[in-house]
Amino acid sequence: MTTRTPAGRHEPDPRRIATRRDFGVELTLARRASGLSVRRVARQVDVPASTLGGYFAGTHLPALRPADLLERLLRVLGVANDADLAAWSEAYWRVRGPGATTTAAESGTGVLGTTPPAAVSTRPPLDRLLVEPRLRGRRDILAALDAVIAAAGLLHDSPRVHVLYGLGGSGKSMVALTVAQRAAAAGVRTFWITANDAAATLAGMHALAIELGAPADRLRGGSLPDIVWRLLCDLDQRWLLVFDNANDPPLSLTLPGQLITDGTGWLRPPDRSLGAVLVTTRDGHPAHWGDPAPPWLQIHRLIGLARADGAEVLMELAGPAAGDVGKAGDLADRLGGLPLALMLAGRFLRESQDVPAALGGDLPRDFVGYLAALGRGDQTELFAPGTMAGDSRTRASVGRSWDLSVELLTDRGLRSARPLLHTLACFGVTPIPYGLLLRAEVLAASPLFPGATPHEIWNTLRGLDGVGLLTLTGADDTAVLRIHPLVRDVARADDGLRAHLSRYLSLTTALLNPVIRDAEPKSPSSWARWRLIADHCTAPLALLDMRAVAPDTVRAAVLLAGRASSYLRAAGLLDQAESAFEQTLPVATDRLGQRDPVTLVIAHDFARLRYDQGRLPEAEQAYRAVLAARQRVLGEQHPDTLMTQHYLARTLRARGRLDVAERLFSDTYAVRLRLLGDRHPDTLTSRHGIADVLRDRGESTPALATYLEVLALRTQLLGERHPATLVTRQYAAEMQHALGDLESAEVELRAVWEISQEVRGPHHPRTLAGGQSLVELLHDRGRLAEAEGLAVAVVAARRRLLGDTHPATLASRHRLGLIRLDRGEVGAARRDLQAVLVDRRQVLGPDHPHTELSRRLLDAVARRAALPQQPTARTRRPPGTATHGPDRGDPAAPIRAEPAARKRSRDD
């Protein structure tokens, strides 16, 4: 591929791409070579010019959907050669990466989260079988799959990966659930992964790896697919793994640049293990699954139910008043036997029979009438075997059934049925807490629901539930509803929603805002509420590209998504937060502008996430960019500018650049003091940062004095249980420990430990940091048994949360080794400390102070072991005796952890 013309002008070369900015540069070269303007390209690719401009600017990459977007864009730009297209595709995935990853922190102050989204579960949703019609017409496939699971581990030459494919609503998941139910009843260990997209598969497999016992640091540093499959194949019992709703298999089941049939991605042959795999998908194209398929994989097409089975479903739901079995069979044939369509029709007819004749009009009440109504809609055949267009036809037919159900409710006087379903479709895929969100006064204020009353809205919800378009559960503030994914898809694509998209999105934000108006994302007391609605705050972003939306509406949607992203970060759901920020920031940049204050808020919070993940160079770079932009847009003394300057100082301090950090802390404090006064929370935060630098320099006395002054004011202004107050109280106690006041330090650390468990939860990173400080205090007070017990618990919790080689975990492992050394467990202690040294060399480097400490410590242990007589290590030291320096007369006494005063503090 030529990279430079004879005249010296650069030609596009995807091999040069290493970053998103590089991608934009090379894409721009390709556009210039084509001679096309951005607007002309946008028209040909059918992408908004503003979105396309983001691709050329390198602010974000072409979307994953539709799947051929990148190829269409490149072909419009004149890139048509297969080799060139492959090179661009490789560059795209090189930049995008396989998914969210984390790296080891450069110091012990970051918090590296590897926790998957809280909503992820690997348990099969078997309770769904209790509320759905009895499964019919799938006897052959059920028998075949039961036989595969029963023979797992015995017949290694037969396929043990089975794929069920068919159109949306064909009952694939119900078959898979039935198989899973039978397997579980037979003692087969069964796992269920929702594989809607790449992120969902990643989260599910991450959760599965943890369930199977994978250490968190291996998940961060190794190949997650390799780790999961190794653990699965090592199981000594029969197992079944289900990938449900893998409707875009190349996206959700493979790794970049690979094929499903390679068997190296998420989907693999179970080899000679005791397992079997089942996949449900809408896509059974041979291009993805192989033509022919590999010997370890077998494809099963799930067609519509036979006439007799479909008739039984209709009769069960609609009842005998709707007609006889023959007429039910006619309607089942017309619906192509699609189970979802059958359920919608059956429930519709059951409801219509209760409508008085004077109100029903031409409402279909039986199988014949429903069949006639479908005919009047000029629908094509519901099921189109062998055609790639079949799914869209199914969607249209199901949409017609959906229309009939909505028309039924409208004819019953529920005029809000259609706009309410459209409104609900704007929310996310998780259960919708309608008891919190749906306020009649907010709905009535919208032009979409003129004059709506609470009674009308409630009756409409019950009506939608009655015809099967949604399911209501719970009561009052715990009430939630669920919309079938296909119904949600149809509603989102409906012309009625698209025609009034600005109004619907404006209403969505108006419903969400009151729920979280007083819910501070960083406050643990608000996390229960955020947990219910975070997904619904980010969901409207996916609708913004449908058509033009009012700028104020875009701004409100982006603000909501940004706040939800910040909650996820504060709650420690760092992987989920990264996904939310990566969705929100490009939209903000594209639709609001890179220097818009809202965009800068989100960019700042995204930088905070990078800091929390321990990705300090990325955090520093992001903070510097936001700071420069805020200085230009807002001014150097604006509160937001000062906040970014403060967090940049924190990042620099964490990287060991204390002089620069101290200057920034001091400059920020001086301005805040002058503008806000000495009692403002932001001013106190700056003072806290200055104390952190004093602590890092080993100036324990002035650091303690500053912490105590900040603590008094924070307790008065924020309360003693506020997270910021707890941080300062912990740091002050650690300084008391460092200065030898062990009794006072213990009282304070025990209080912080107990309150933190109540406020943040027992496994929050801040709670564990307080537990570690208490471990160190108990060790230095000579209470070795209690110290070891708590240390073991903290190490185990940090390993689960952060991984075995995170600097915070290493600090806990280091201290546990010292405690065991003092207890006379020399062999175990040396093994612990040697392992810490190996990991610190790998994570922090050979010259890091903590690595050097571990090396010197092991040298001292060796010298101590060579002594002719060892002092008894189980001897309890007198209470109040600190051990930060050598004990006189004991040549082995230098074997101690670093002085607490010189440790890097965990940040405010």
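## Reading salt bridges, burial and helix packing

Me: In this predicted model, the side chains of D596 and R555 meet at 2.8 Å, N to O. Why is this called a salt bridge?

Reply: The rule asks for a side-chain nitrogen of Lys or Arg within 4 Å of a carboxyl oxygen of Asp or Glu. R555 and D596 meet at 2.8 Å. That value is within 4 Å, so the pair is a salt bridge.

Me: What makes D596 and R555 a tie between separate parts of the chain?

Reply: D596 lies in the loop between α28 (574-592) and α29 (597-612). R555 lies in helix α27 (residues 551-570). The parts are 41 residues apart in sequence, so the pair ties them together.

Me: How do you know whether D596 is buried or exposed?

Reply: Buried means under 20% relative accessible area. D596 has 10%, so D596 counts as buried.

Me: Which residues do salt bridges with shared partners join into one network?

Reply: They are E578, E582, R610, R615 and E618.

Me: What makes E456 and R415 a salt bridge?

Reply: Their closest N and O atoms are 2.9 Å apart. The limit is 4 Å, so the pair qualifies. E456 is in helix α22 (residues 454-466), and R415 is in the loop between α18 (390-411) and α19 (417-425). The pair therefore ties together parts 41 residues apart in sequence.

Me: What about D330 and R307: how far apart are N and O in their salt bridge?

Reply: They meet at 2.7 Å, N to O. D330 sits in helix α14 (residues 325-334) and R307 in helix α13 (residues 307-318), 23 residues apart. D330 has 32% relative accessibility and counts as partly exposed. R307, at 36%, counts as partly exposed too.

Me: How many salt bridges does the rule give in total?

Reply: The count comes to 44.

Me: Why is Q621 called exposed?

Reply: Exposed means over 50% relative accessible area. Q621 has 60%, so Q621 is exposed. Q621 lies in helix α30 (residues 616-633).

Me: What share of the protein chain is buried?

Reply: Buried residues make up 55% of the 908 residues. The chain has 41 helices and seven strands.

Me: Which residues of α35 meet α37?

Reply: V727, Q730, Y731, E734 and H737 do. Their partners in α37 include R766, A769 and L777. By class, the contact has four nonpolar, four polar and four charged residues.

Note on methods
Residues numbered from 1 in each chain as written. Predicted model: local features only at pLDDT ≥ 70, side-chain atom pairs only at ≥ 80, totals over all residues. Heavy atoms only, no water. Contact = heavy atoms within 4.5 Å. Helix = DSSP H or I, 4+ residues; strand = E, 2+ residues; numbered from the N terminus. Nonpolar A, V, L, I, M, F, W, Y, C, P; charged D, E, K, R; others polar. Buried < 20%, exposed > 50% of the residue type's maximum accessible area, 1.4 Å probe, protein only.
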